[in-house]
Amino acid sequence: MCGIAGVWRFAERTQDVDDDDVRTMIAAIRHRGPDGEGYWSGDSLMLGHCRLAIIDTSDRGLQPAVTADGSGVLAYNGEVYNFRELRRELEDAGGRFLSGTDTEVVLRALHEWGVETAVRRFTGMFAFAYFDRRERVLWLCRDRLGIKGLSVVRRGDRLLFASEDKALLRASGVGTRIDTRTVTLSLALQDVDAHLSSFADVRRLPPGACWRVDGEGIREGSFWNALAAIETERLGDRHRPVAEAKVELENLLRASVGLHCVSDVRLATACSSGVDSGLVTALSREFVDPFHAYVVAPDTGVSEAQGAQRTCDRLRVPLQRVGFDRETYLRNLATAIYHVENGNLSNSTAALLAMTRQCRQDGVKVLLTGEGSDELFGGYGWHAVSAGRARWANVLAAFGPTRRARERRRRRIATMPFANAFAGSGTVEHRILSASLFAQHILAPEAILEALSTVSPVYAQVFAGNGIFDLYGHMGCIIHRHDRISMASSVELRVPFLENAVIDFALNLHPDFKRRQGRGKWLLKEVASKYLPRENILARKKGFPVSSDYFAGTESTLRSGALRDLMAWSRAETERIVGLCAADGAMRTRLVGHEIFGRIYGWGVSPEQTGEALVAAAAERGAVG
């Protein structure tokens, strides 16, 4: 896991300013790779790389990596887990390798097979810049679901790119300007993190991106998307034998976890009381020894620690509890928002920072988690709500008094199919606002249902579609946050549920296997029942909770704050909003998160100073101390 940065000149050769900018950008994200760094320049390109050494930790893994003849150059962030299989194939064709890294395999595959062929064969998480000097073409690519990030900004003749937005902001001629459109969408509870930067002119490559850059400009291509991966005949199979499906899923998960456990450094898992991380912990034990798990244990509110302990006791896996209090949490919160680069926080964000910091302190550089399972296997309650709405809308449509009424009622399924698409608000006004500000995301449900139009019955179509929608929305936000937070601690976070074969299985699994007997993730829980305590399997989802009480009193920071300036609130409006936040924990969390973001990136206040301001505001109300 690493950080990359670069500057491409469309019409000229690189200049001294490009070298300076790349080095400045790498300095801004050195937390992603403190184990070494390197630079390469030639033709119209300047590349930089900072390394977190995971596989073959010797200096042979330093980047940018260059082919023997100098005609291919790679700056790569991530892991391609099937690199050993790909290496054997390349060796059979006459290739020779000098290291044990996946980087060298990735470079050779791109160079020998061509980028658009090679990326389709990579199983893993990655974002890279590959320069083919034979054609003078730069390729910028990102993995299927965008686990690893890559951002770009264009300034005149230059295209600048980096693993994190904050690196681009340090380059000459860019600067920090907050994008009020993104902030507005975020405040309106839209899932924008994976798609939109909070900074003007900065773009994030979408998941599955495969961009070709040359002297003529940029061709924005894509090598994979979830809709294209759907096979409607498989998805429509409601009568597949349960035992067969269960065995296949268990084998796929075991194989994926095995791949994700390949590491030359210490590895652990994040284990909560839930099924997903518990199952990853159970299967990891088969591949790693010695082995242990982590759980966060806040000093107040609901905790996952008890349920995680049940899982680890059954598995005979040591569990380390990472405790924290309000004061630690609030200080971590400001640092977390600096790294996440927006105010759209989750209560668990600062808790994850505490966990990954403990990992790094313990010498653990790789952490496996259970993200992606809920989206792929129907774990959210809103999936069932969406399907239920579609079922009743279809019934009501059939009994419409006129043909026009029946068509109108059916159209409602297509125009508002997913319960979470509009953050719980189905009003016409809210849909108009959201669609006008973020049409690509808000209009996606119609495109998804059109692609699934042959799947029946309607409730299954909507249930499956909601999962796809969440892969690019809700889950995109989660994996964006988790990448930034884990890398802030120089820890690589891996997600075994988001492996190619597991994704393919889940996308083409009929919803009757995902929700049955009133239980979400039904088939997955059937597999998990072999490994985990029954109490944990039957428990309601907690979602890595942290008490909103930790924020009590912090609403006072909104007075004369950065968010007030950004949103142009009057003094009276600000006081009214502060009062509302004092009474509404969710609103307080949302607005204070954006206040922190505004102070750090709008006012230039350090995360440390911002954290102290939060602690002081909470203490004034007696919430800390």
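Predicted model: local features only at pLDDT ≥ 70, side-chain atom pairs only at ≥ 80, totals over all residues.
Modeller: Residues are numbered from 1 along each chain as its sequence is written, and side-chain values use heavy atoms, with hydrogens and water left out.

Biologist: In what order do the six strands of the open sheet lie?

Modeller: Strands (E, at least two residues) and helices (H or I, at least four) are DSSP runs, numbered from the N terminus. Two strands pair if DSSP finds at least two bridges between them. In the open sheet the pairing is antiparallel, and the order is β2-β3-β1-β9-β8-β10.

Biologist: Which are the edge strands of that sheet?

Modeller: An edge strand here pairs on one side only. The two are β2 (37-42) and β10.

Biologist: Which residue in β3 is the bridge partner of Gly6?

Modeller: Strand β1 (residues 2-9) and strand β3 (residues 45-51) run antiparallel and are joined by seven bridges. In β3, the partner of Gly6 is Leu47.

Biologist: Why is strand β7 described as largely enclosed by the rest of the structure?

Modeller: Buried means under 20% relative accessible area, exposed over 50%, and partly exposed in between (1.4 Å probe, protein chains only). Val137, Trp139 and Cys141 point one way from β7, and Leu138, Leu140 and Arg142 point the other way. Strand β7 (residues 137-142) is largely enclosed because the buried residues number six of the six.

Biologist: Which residue in the turn between β6 and β7 has a positive phi?

Modeller: β6 and β7 form a hairpin, with four residues between them. The phi in question is about 55°, and the residue is Arg136.

Biologist: How many disulfides does the structure hold?

Modeller: A disulfide is a pair of cysteine sulfur atoms within 2.5 Å. The sulfur of Cys271 is 4.1 Å from the closest cysteine sulfur, in Cys312, and is therefore too far for a bond. The number of disulfides in the structure is zero.

Biologist: Is His195 buried or exposed?

Modeller: His195 lies in the loop between α6 (180-187) and β10 (203-204). The side chain of His195 reaches the backbone oxygen of Tyr472 at 2.6 Å. With a relative accessible area of 16%, His195 is buried.

Biologist: How much space lies in the largest cavity?

Modeller: On a 1 Å grid over the protein atoms alone, a cavity is a set of points where a 1.4 Å probe fits but cannot get out. Grid points are joined across faces, edges and corners, and a volume is the space filled by probe spheres set on the points. A search of the whole structure finds nine cavities of 30 Å³ or more. The space in the largest cavity is about 110 Å³.

Biologist: Which element gives the most to the lining of the largest cavity?

Modeller: Lining residues have an atom within 4 Å of a point. Both β5 (72-80) and α3 (102-113) supply at least two residues of this lining. The element that gives the most, with three residues, is β5.

Conventions. Polar contact = N/O pair within 3.5 Å; in protein donor to acceptor, adjacent residues only side chain to side chain. 1 Å grid on protein atoms, 1.4 Å probe; cavity = no way out; pocket = protein on both sides within 12 Å on 5 of 7 lines; lining within 4 Å.
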